[in-house]
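I opened this entry to keep a record of what I looked up in one model. The sequence and the structure come first, and my notes follow.

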Amino acid sequence: MTAPLVRTSSSARWLLAGLVGAAAAVAPLAAADYLDTTRPAAIVVGPPPGHASQGRLGPHRLGRTSTALPTQPRELWRHELPGSLDHPPLVDASGAVLAVTGNRRVVQVGADGDQRWQVSLGRSAGALPPVLTSDGALAVVCADGRVRRVSPAGEVRTGPPLSVHSRKAHASPLALEDGGLVVASERQLLRLDAQDRPVARAQLSDLPVGGVLRWGDDLLVTLEDGSVLGWHPPGLPRIVAKLPGSPTGGGALIGPSLLAVVLDRTSVLTVHLRSGQTRILAGGTATGRRFDGPVVLDDQGRVVVASVVGELLVFD
């Protein structure tokens, strides 16, 4: 199957496709918001479709695809975008690439390299990485605090105001199987329904880092101060672990309760979310080696991490 590869440069912005696998402490405040059940709506449920439907390829942020990658990738096509890329593009179930550009455009390029459509997000640019929802729509949280969903046909729907600040936030939202979203803004967690209306929210003590993760029936988020929070809305978030540093790029859930992180770019460790036990895999300030997070889990269950000088390290 044809899959995309994205490259950017200062002189041009190109979207290239190669033959690759399937594209490419907490303040105690939580509140439920009223839902208007008098307005009928057709809602598609189920796992978000697509080869790369959200950041790090899935709800556990493992950076891993189940599709075999070619041993000798080759360029099949290239397409110039109308603006720069601030977030990684997505790939839907048909192999089409969806990109949100810095000049407030959303572009869909088919698996054959031909542009299908291009639409505007209006006056507000995308603030957080986009995700695909259960019905195949692209959802993006914009700087004005609203979610805009772009259907597979290129139709834009603007959600209600969320009363959040997202200009400094960079955590990837999580798409849920009921069509809703979980959004981590600068200081809040929000659970949205399929119409992008808040049904629960909770305050955060620091900026969220990396993507919101699915942890069984709960949600998981890492903060810059090293706090790892579990949340079962509409309840209050709880601290399930405290990391001895700031997680670089967030964490990856490599086991049922095992989180792997890069801390302060100097070490790689795992933390058991039930027992709190930690294990250092590599690094430490004495080694002088610096790492780039988050980690990846390979097809053999091994943790893979890159250093900032281009080394690739693998741990059992």
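Where is the place of Asp 264? I found Asp 264 in the loop between β22 (258–263) and β23 (267–272); helices (H or I, at least four residues) and strands (E, at least two) are DSSP runs, numbered from the N terminus.

**Ground rules.** I am working on a predicted model, in which local features need pLDDT of at least 70, side-chain atom pairs count only at pLDDT 80 or more, and totals for chains, interfaces and linings use all residues. Residues are numbered from 1 along each chain as its sequence is written, and side-chain values use heavy atoms, with hydrogens and water left out.

**Confidence.** I noted an average pLDDT of 85 for the protein chain, with 86% of the residues scoring at least 70; pLDDT is the predictor's confidence in each residue, from 0 to 100. Over residues 1–37 pLDDT stays under 50, and for these the model has 116 contacts beyond four places in sequence. Contact means heavy atoms within 4.5 Å.

Asp 264 has a phi near 50°, a positive value in a residue other than glycine. I also looked up how open it is: Asp 264 is partly exposed, with a relative accessible area of 39%. The scale is buried under 20% relative accessible area, exposed over 50%, partly exposed in between (1.4 Å probe, protein chains only). Arg 56 is another residue other than glycine with a positive phi, near 65°. Arg 56 lies in the loop between β3 (30–31) and β4 (75–80) and is partly exposed at 29% relative accessible area.

I then went through cis peptide bonds. The bond from Pro 233 to Pro 234 is cis, with omega near 10°, and Pro 234 sits in the loop between β19 and β20 (238–242). The bond from Gly 293 to Pro 294 is cis as well, with omega near 0°; Pro 294 is in strand β25 (residues 291–297).

**Two buried residues.** Thr 270 is found in strand β23 and is buried, with a relative accessible area of 7%. Leaving aside neighbours within four places in sequence, the contacts of Thr 270 include Ile 254, Leu 258, Gln 277 and Leu 281. Ala 52 is in the loop between β3 and β4 and counts as buried at 4% relative accessibility.

**Core.** Which residues have the most contacts inside the largest nonpolar core? I listed Leu 174, Val 182, Leu 189, Val 212, Leu 219 and Trp 231, in a core of 15 residues. A nonpolar core is a set of buried Ala, Val, Leu, Ile, Met, Phe, Trp, Tyr and Cys residues joined through side-chain atoms within 4.5 Å. Two or more residues of this core come from each of β14 (181–184), β16 (198–203), β18 (218–223) and β19 (227–231). β18 gives the most, with 3 residues. Leaving aside neighbours within four places in sequence, Leu 219 is in contact with residues including Leu 176, Arg 214, Leu 229 and Pro 233.
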